[in-house]
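Here are some notes to read alongside the model.

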Amino acid sequence: MSDYCAPEMYTALSRRLSAALENAGVTEEIVMARRNSYLMIETSLDICSNLRKRKRILFHFGSQSEGTTTPGLRSDIDILGCDLRTHVMRDWSQWKPKRKNVKMFKDKDLPPQQYLIQAVRQDSPEPETESKGKYVLFKNSILLVGSESRRKKCLNIMFTKFGRTHTSGPSTSFSDEVDLVYALGVKDLVPEIQQWIQRHRPGNWPPQALLEECKTCMNFLVPVGHADSDTNHVEWRLSPNLIERKLMFSLNLTQIKCCVLLKIMKNSLFNSIVNGGITSFHCKTIVLYTIERIPVHLWQEQNLAFLLIQCLHTMQRWIKYGICPHYIIKGVNLFDGKLRRTKCKILHTYILSLIENKLQGLKQIDIDNIGMALSEQTIESIQHLNCILTNGIQNKLEFDRVGRQQNDVWRCLLEVVENKSFTNASKNLNKILRKCIQYYLNGTVSERTIAEQLFIWLMSFHVSMQASMIIQNQCHLNKCVILFKQSLSTDVTSNRLKLASFLVSTGYLQSALIVLCDIQQRLNAKPIKVCCPCGNRNLSDTLLETFTRYSVGKCSSNENHMALCVRFLKYEAFCVPPALLLEMNRTGIEAEYSKLDRIQTDWDRHVSVDADVFMYYLKYLTYGGLGDIRKQLSALEGLTECIQNHTEELYHLETAYNLLGHCVEMTGHCLELTGLLEKAASVYLMSLQSKPRNNAANWHIRRLCGNTQYT
Ligand SMILES: [Zn+2]
């Protein structure tokens with residue numbers, strides 16, 4: 001215990017450090033908000049995956065989902081996609097019929113944590129003997145599932161889909177924000193985990209109950225070989241991510257702060273010396289080993305600086321010998337392939353000087369204002385929680401969550417109705433609505449919450465499809481309005497705009513006007529963040545500053561305080577203004593539209609439009625129909641300003657230009673001003689500039705140049 005008698009020497013610095021971190025958003029509230037947000041996304045993805053009958057489950061790991069990050073760290077999102085179609089067995093007795101089986105095994109020459117995966121016959125528990133170009137031949141004629149080829153396959157799929165990719169370790173990605181890892185799940189308790197659970201520990205951490213829980217966690221095999229291995233193209237790495245997440249979730253706020261501080265020091269101080277040689281995973285491992293070594297009662301806020309020094313002691317010992325042990329898997333050196341021995345010496349000297357100078361070096365930190373806060377004269381000057389930042393982080397988490405969930409629901413919806421007749425699409429939609437109800441009735445607390453949201457979002461499409469059918473059959477319109485009322489509260493705009501669009505399409509213009517004025521009032525009441533559930537993101541969506549201006553959380557009932565794009569499926573055609581319908585089927589438009597029978601045409605596509613653009617467009621149509629030219633022109637002005645002032649922020653710019661062009665054209669016809677047709681053509685050209693291919697503007701321009709059949 002004598003080593004631990006001096007924490008009070010550091011009390012003042014500890015309080016100062018702690019306040020500086022809270023100012024950067026490392027608070028109980030934000031840590032929990034980050035974790036809850038990602039767990040909700042996981043639950044939602046899981047449910048949607050089931051609705052889509054997908055055999056894949058997605059997990060979010062790393063700093064963002066653990067809550068061990070700050071805005072200045074700019075941590076990316078690590079997503080692990082576990083392939084549920086493949087059953088990984090450890091011996092032949094585990095073979096399952098009607099499944100794609102593979103067998104994991106160790107070869108004596110393999111580095112620790114690495115496994116090989118043997119191909120297995122589909123019809124019997126025997127080794128696969130025919131390669132068919134899919135497998136890699138290993139010694140003793142064993143056919144293996146290659147890890148390098150698997151990564152290449154993921155890269156190709158991603159490149160085809162997104163047009164750009166990069167790769168790092170086992171992960172492949174299409175953006176700087178997200179890292180994706182393909183993985184196979186291992187449900188059995190493997191010897192490496194068994195050994196870790198049973199190993200002798202100096203303290204009482206992790207507690208026995210937590211270790212018992214860890215026994216039941218699924219582990220993963222990810223396609224990456226050891227950096228120094230000759231067989232790394234066929235090696236798969238055992239990754240106990242779920243156990244690591246469990247351990248991180250069990251930490252108290254002081255332990256989290258230690259971890260975040262180390263990551264900040266890594267980015268700001270260490271990596272200028274070792275150029276990326278220290279990773280977030282190293283920092284996490286240092287903290288976990290230090291927690292095991294230092295008595296539990298010392299992990300308190302007033303000891304933070306002392307505890308950080310203990311972490312640095314752990315780190316300098318490892319750097320001295322060039323060995324960073326994996327916290328769970330024995331025999332692994334996490335410095336392999338990351339940190340060169342020549343660099344270790346310089347870093348070792350630097351860390352010793354940090355400890356000797358009682359952490360004075362932390363004042364050099366240039367991330368999240370930590371260095372500045374430590375240099376302040378009084379603790380009071382830094383001891384105010386930055387409310388604006390806290391709100392900003394919470395709003396961004398909510399925005400990202402809703403965007404991700406909505407995008408997944410949208411893809412799920414497109415998949416179940418794709419290429420179906422109206423009847424079959426309705427039937428499929430009803431089926432997944434019923435599944436949502438089952439989740440709501442029988443699921444866990446978080447599944448019930450998510451299932452309710454998904455149900456309301458999916459219901460809004462169901463309602464609009466029914467309304468479209470009612471218009472086609474000329475049934476009673478009151479029934480439609482009642483249907484719409486049930487789904488208005490998904491967000492501020494999208495379903496209210498659908499109702500307005502329905503009323504415009506059926507000629508109930510006065511009623512449409514009431515709905516549109518209500519939407520305008522809601523949009524004017526306070527700043528509302530626009531969100532694209534179709535999967536598009538603009539620059540401002542990635543910046544935290546954007547979210548300090550908005551409050552996107554729920555305002556009443558289940559309504560998110562956001563303005564989502566309005567999306568129409570082909571089955572909602574009767575609720576969609578004709579010019580917007582053109583956007584649905586952009587290829588082969590000429591052939592289809594020449595029939596001038598939009599119902600007979602096979603609209604295989606869907607259309608999305610920014611909420612405020614669509615509101616002004618509907619206003620233009622409504623005032624036009626009511627013969628109020630002055631207000632109609634005012635709506636046109638509103639639409640023009642909306643596009644000109646927010647060009648960078650619009651998610652569907654080409655559609656916005658096309659609707660504007662159409663309004664200019666109609667104004668030209670209405671006021672018999674020929675100059676406006678040229679102006680309309682120039683607006684369509686701007687649309688083409690923003691999206692040269694697969695754009696309805698092509699058709700509009702050709703029509704204006706000669707074909708005048710359509711008016
Ligand atoms: Zn959108």
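1. Glu213 has a relative accessible area of 38%, so it counts as partly exposed (buried means under 20% relative accessible area, exposed over 50%, partly exposed in between, with a 1.4 Å probe and protein chains only). Its salt-bridge partner is Lys246, with the closest N and O atoms 3.0 Å apart (a salt bridge is a side-chain nitrogen of Lys or Arg within 4 Å of a carboxyl oxygen of Asp or Glu). The pair links distant parts of the chain, 33 residues apart: Lys246 is in helix 7 (residues 241-249) and Glu213 in helix 6. Lys246 is partly exposed too, because its relative accessibility is 27%.

2. A word on the basis of all this: the model is predicted, local features need pLDDT of at least 70, side-chain atom pairs count only at pLDDT 80 or more, and totals for chains, interfaces and linings use all residues. Residues are numbered from 1 along each chain as its sequence is written, and side-chain values use heavy atoms, leaving out hydrogens and water.

3. Glu212 and Lys215 are three residues apart in helix 6 (residues 208-215), so about one helical turn separates them (helices, H or I with at least four residues, and strands, E with at least two, are DSSP runs numbered from the N terminus). Their closest N and O atoms are 3.3 Å apart. Glu212 is partly exposed at 37%, and Lys215 is partly exposed at 31%.

4. Is the pair Lys498 and Glu572 buried or exposed? Lys498 is buried, with a relative accessible area of 3%, and Glu572 is buried at 0%. Their closest N and O atoms are 2.7 Å apart in a salt bridge. Lys498 sits in helix 17 (residues 494-505) and Glu572 in the loop between strand 15 (566-569) and helix 20 (578-584), 74 residues apart.

5. The whole structure has 26 salt bridges.

6. Strand 1 (residues 56-61) is largely enclosed by the rest of the structure, because five of its six residues are buried. Strand 1 runs antiparallel to strand 2 (residues 77-83), and six bridges join them (two strands pair if DSSP finds at least two bridges between them). Arg56 has Asp83 as its bridge partner in strand 2.

7. Finally, Ile629 belongs to helix 23 (residues 629-645). Ile629 counts as partly exposed because its relative accessibility is 32%.
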